[in-house]
Structure formats: structure tokens, C-alpha cells
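Please examine the structure before reading each solution.

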Amino acid sequence: MNELETADSGEFVLGTKVEIGYYDQENRGLSDTNTVFGELREAYPDKTDLELRSTLALFLFDADDCERSISTLSGGERARLTLAKLILKKVNLLIMDEPTSGLDPISTKEVKTLIRALADGGMTILTTSHLLADAEDVCDRVMIVNHGKAWRKARSVNMRK
């Protein structure tokens, strides 16, 4: 398992009300020994069962899914659970590391739909992708970085399909 990297240079300044969430493509924030519901309960002990189950339902988990062990989840299900945890955190800037990497086509479609819904809800999302088509599916603006040089794609506004 890779550990998170620290920056070797540079700096950034956030606005006073920016709350950051980080989506890790490997879903390292999940505990395989928990159930789906138990994962949220452990992360948010102050939330009611209704709040937790309602959030899981928004991310396509039914009552039976809530009792499943995380170790049995597919890549797409793990991605949805990670996103559900982030939403409960009430972030307004979501940084995503290759959110569709390694997912099967059905899971990829589900995750892209959820990302679009999050962005439509007013959340700012900064994501990386090695596939331009994936970025264009979910982003309003695309910046391409190649060998340390960045340029903005000409059709960068309202590219969502």
C-alpha cells in the first residue's frame, strides 16, 4: 500500500470557509472489518441512524447492503461508500485522486453520475485523471498538465454531457 505523499515545494492559501475532503482512489479510509453502516456509525457517532441510513440510500445502498461487510464490496461500492463518508463531513472542496481508476464500466458510470450530482450541488471538485474522456464527462473546466507544463483545454466551459 502506498502512503500519502507530502508536498516537496509550493504553498496554497484557502478561503476562510473552505472545508476540504480527499477521495483516495484506493479507498484507504475504509475498514474491511466494518459493515457498511458500521463504517459511517464509527466515523460519525453524533449522527442519527436515520441520517446515516438516508445518506447510504442516496449512494444506492439498501437496507441489506448496510449490513454487508466492507470486505465484500466491489470497487464501485467502495467508491460510493467513500463518497458517502465525505458528504457527511460537509466538505465544499473535494479533491479526488482518479475516482474512476480500476472500476468496471458499470461502477464507473455510477461514480461519474455521483460526481456530477455533487458538483451540481455546489461543491467544488478538483480531480486528476489519466483519461481525458473521464475528466470531460464530469468537469466544467479541464486543465492538462504534461511534463510540468499546464494548459487549458479550449472547450473548457460547460463540457458536461
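This is a predicted model: local features need pLDDT of at least 70, side-chain atom pairs count only at pLDDT 80 or more; totals for chains, interfaces and linings use all residues.

**Exercise 1.** Leaving aside neighbours within four places in sequence, determine which residues are in contact with Leu81.

*Solution.* With those neighbours set aside, Leu81 is in contact with Leu30, Val36, Glu39, Leu40, Leu56, Phe61, Ile70 and Leu73. Leu81 itself lies on the helix 4 side of the contact between helix 1 and helix 4.

**Exercise 2.** Describe how helix 1 and helix 4 are arranged relative to each other.

*Solution.* Step 1: Two packed helices are described by the angle and the distance between their axes. Step 2: The axes of helix 1 (residues 36–43) and helix 4 (residues 75–88) come within 11 Å and cross at roughly 25°. Step 3: Angles under 35 degrees count as roughly parallel, and helix 1 and helix 4 are therefore roughly parallel to each other. Step 4: Their crossing is right-handed. Step 5: Helix 1 contributes Val36, Glu39, Leu40 and Ala43 to the contact, and helix 4 contributes Leu81, Lys85 and Leu88. These residues comprise 5 nonpolar, no polar and 2 charged.

**Exercise 3.** Identify which residues touch the most other members of the largest nonpolar core, and which element gives the most to this core.

*Solution.* Step 1: The largest nonpolar core has 31 residues, of which Tyr23, Leu56, Leu81, Leu83 and Leu94 touch the most other members. Step 2: Two or more residues come from each of several elements, including helix 1, helix 4 and strand 2 (93–97). Step 3: Helix 4 gives the most, with 6 residues.

Conventions. Residues are numbered from 1 along each chain as its sequence is written. Side-chain values use heavy atoms; hydrogens and water are left out. Axes are lines fitted to C-alpha atoms, for helices over the stretch in contact, and angles run from 0 to 180 degrees between N-to-C directions. Helices (H or I, at least four residues) and strands (E, at least two) are DSSP runs, numbered from the N terminus. Angles under 35 degrees count as roughly parallel, over 145 as roughly antiparallel, 65 to 115 as roughly perpendicular and the rest as oblique. A crossing is left-handed if the near helix is turned anticlockwise from the far one by less than a right angle, and right-handed if clockwise. Contact means heavy atoms within 4.5 Å. Ala, Val, Leu, Ile, Met, Phe, Trp, Tyr, Cys and Pro count as nonpolar, Asp, Glu, Lys and Arg as charged, and the others, Gly among them, as polar. A nonpolar core is a set of buried Ala, Val, Leu, Ile, Met, Phe, Trp, Tyr and Cys residues joined through side-chain atoms within 4.5 Å. Buried means under 20% relative accessible area, exposed over 50%, partly exposed in between (1.4 Å probe, protein chains only).
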